[in-house]
Amino acid sequence: MAGSREVRNKIKSVKNTQKITRAMEMVAASKMRKAQDRMKKARPYGEKIRNVAAHMSLANTEYRHPFLIDRDSVKRVGIIVVTSDKGLCGGLNTNVLRRALKEMKSWEADKEEFEVCCIGNKGLGFMGRVGAKVISQVVALGDTPDMEKLIGAVKVVLDGYTEDRFDRVFIFYNRFINTMKQEPVMEQLLPLTDERIKGDTEAGDGQSGNTAWDYIYEPEAKPVIDDIMVRYVEALIYQAVTENMSSEQSARMVAMKAASDNAGTVIDELTLIYNKSRQAAITKELSEIVAGAAAV
Amino acid sequence: MGTIFHLDIVSAEESLYSGPVEFLVAPAQMGEVGIYPRHTPMLTRIQSGMVRIKAPLKDDELVYVSGGMLEVQPDVVTILADTAVRAADLDEAKAIEAKEAAEEAMKNRESEIDFARAQAELIEATAQLSAIQKLRKRGH
């Protein structure tokens with residue numbers, strides 16, 4: 001019976017682990033619902049501001065914002081990497097970082113320089129290990145993406161673009177498809193592409209068809225257009241962050257469910273071993289008794 | 001057409017108002033602007049303050065907006081608020097926010113400890129699982 005106590009202890013410890021993973025699964029499930037709500041609530045703003053940007057690109061504005069102007073040569077790239085702050089969410093962060101790493105390698109091969117803005121702890125750690133140049137960061141976002149927290153880090157990248165330090169800006173994040181499926185994606189943020197702005201806006205509203213019209217700007221065209229464009233890009237990033245958070249919670253839920261199931265298998269295996277050794281010990285004892293009785 | 005237009009007030013966090021409107025007053029940067037249907041297209045910044053909305057067959061409604069942008073198209077007006085919460089809900093929302101923040105902080109503290117512990121134990125459990133699988137391949 002030497003091994004049976006050890007096996008019993010092990011069963012107990014695995015059971016404890018299972019309790020924790022199960023609790024985390026439930027926590028993630030409730031957080032996931034909230035994160036999805038938040039993602040849905042952020043959508044109208046994104047749609048409306050895209051409508052405004054689409055109207056603006058149709059209007060005859062005397063001032064064209066640098067975000068809308070495509071640049072021919074690409075020498076320096078800015079990237080924004082959205083990851084989660086905490087781990088234990090399956091391959092979520094690994095997938096998006098692998099995607100980023102692939103692009104970074106190809107840029108390196110093309111002799112393009114790149115700088116990184118990290119949103120989330122995991123990306124920051126990874127970029128530190130890889131040795132990429134991190135120009136700004138936001139960590140510890142918590143469960144609610146806060147526009148105020150994001151603005152600072154994002155501004156560094158946007159300013160870099162307006163000051164010609166970057167020719168392109170990309171964002172990497174996990175797109176939320178459904179609870180079981182999240183997809184790491186790379187999207188071009190700047191310069192804003194026409195398809196992106198027009199997207200699925202119907203040309204029916206307002207007078208978007210007519211040319212030769214322009215807005216009245218108060219106080220002036222430039223600051224107002226600047227404001228709109230910055231807000232538009234911020235809204236895109238905000239949306240990416242909310243999607244990534246929903247993805248994180250659902251990935252964690254799935255990962256923790258798998259972990260609980262695995263712990264269950266371990267327990268079953270260990271219980272079998274425990275019972276076998278227990279029965280072997282009983283049989284041995286019995287045969288000893290029988291042999292002893294026969295000898296008498 | 002002609003006597004009403006569509007108004008949307010949205011902030012990054014939620015949609016605050018969406019519906020037909022006869023007339024509205026917004027606190028634009030250069031002073032308050034009143035907008036009737038078929039207004040010339042206009043883009044302006046707005047300051048924090050109250051937006052007064054007159055919806056058809058309803059009393060005036062006030063929505064608090066703390067800065068943002070106002071876009072006017074002849075039949076559609078959009079207010080992109082930076083942060084906007086309905087005036088009547090303002091105090092209550094703040095109270096809820098404060099409470100939630102406190103609760104969240106408590107929940108996070110717990111979960112962080114759990115995370116560290118669970119991570120350690122999870123690594124152990126995976127090691128055990130692989131050991132058992134190896135064992136099973138060899139013997140049983």
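**Charged groups on the surface and in pairs**

Tutor: In this predicted model, a patch of negative charge on the surface brings together A:Asp146, A:Glu148, B:Glu13 and B:Glu14. One of these residues, B:Glu13, sits in the loop that connects β1 (5-11) with β2 (15-21) of chain B. Its relative accessible area is 32%, so B:Glu13 counts as partly exposed; membership of a patch requires over 30% relative accessible area and no salt bridge.

β1(B) and β2(B) form a hairpin, with three residues between them. The two strands run antiparallel and are joined by six bridges. Within this pairing, B:Asp8 has B:Ser18 in β2(B) as its bridge partner. Chain B contains eight strands and one helix, and the order of these elements from the N terminus is β-β-β-β-β-β-β-β-α. Of the 140 residues in chain B, 40% are buried.

The salt bridges come next. Side chains of opposite charge can pair when their charged atoms come close. With a limit of 4 Å between a side-chain nitrogen of Lys or Arg and a carboxyl oxygen of Asp or Glu, the count over all chains is 18 salt bridges.

One of them joins A:Arg76 and A:Glu115, whose closest N and O atoms are 2.8 Å apart. This pair links distant parts of the chain: A:Arg76 belongs to strand β1 (residues 76-82) of chain A and A:Glu115 to strand β2 (residues 113-119) of chain A, 39 residues apart. The two partners fall into separate accessibility classes: A:Arg76 is partly exposed because its relative accessibility is 26%, whereas A:Glu115, with a relative accessible area of 3%, is buried, the limit for buried being under 20%. A:Arg76 and A:Glu115 also take part in a network of salt bridges that includes A:Glu113 and A:Arg165.

A salt bridge is also found between A:Glu187 and A:Arg175, with an N to O distance of 2.5 Å. A:Glu187 is in strand β5 (residues 181-190) of chain A and A:Arg175 is in strand β4 (residues 168-178) of chain A, so this pair ties together parts that are twelve residues apart in sequence. Here A:Glu187 is buried because its relative accessible area is 15%, while A:Arg175 is partly exposed at 29% relative accessibility.

A further salt bridge connects A:Arg252 with A:Glu248, where the closest N and O atoms are 3.2 Å apart. Both residues lie in helix α6 of chain A, four residues apart, or about one turn of the helix. A:Arg252 has a relative accessible area of 5% and is therefore buried; A:Glu248, with a relative accessible area of 9%, is buried too.

A:Ile282, A:Leu286 and A:Ile289 make a nonpolar surface patch of about 290 Å². A:Ile289 lies in this helix, which spans residues 221-295 of chain A, and its relative accessible area of 55% explains why A:Ile289 is classed as exposed.

Methods
Residues numbered from 1 in each chain as written. Chains lettered and ligands numbered in written order. Predicted model: local features only at pLDDT ≥ 70, side-chain atom pairs only at ≥ 80, totals over all residues. Heavy atoms only, no water. Patch = residues over 30% accessible without salt bridge, like charges linked within 9 Å, V, L, I, M, F, W, Y side chains within 5 Å. Areas by Shrake-Rupley, 256 points an atom, 1.4 Å probe, with all protein chains shown as cover. Lys, Arg positive; Asp, Glu negative; His and termini not counted. Charge placed at Lys NZ, Arg CZ, Asp CG, Glu CD. Buried < 20%, exposed > 50% of the residue type's maximum accessible area, 1.4 Å probe, protein only. Pairing = 2+ DSSP bridges.
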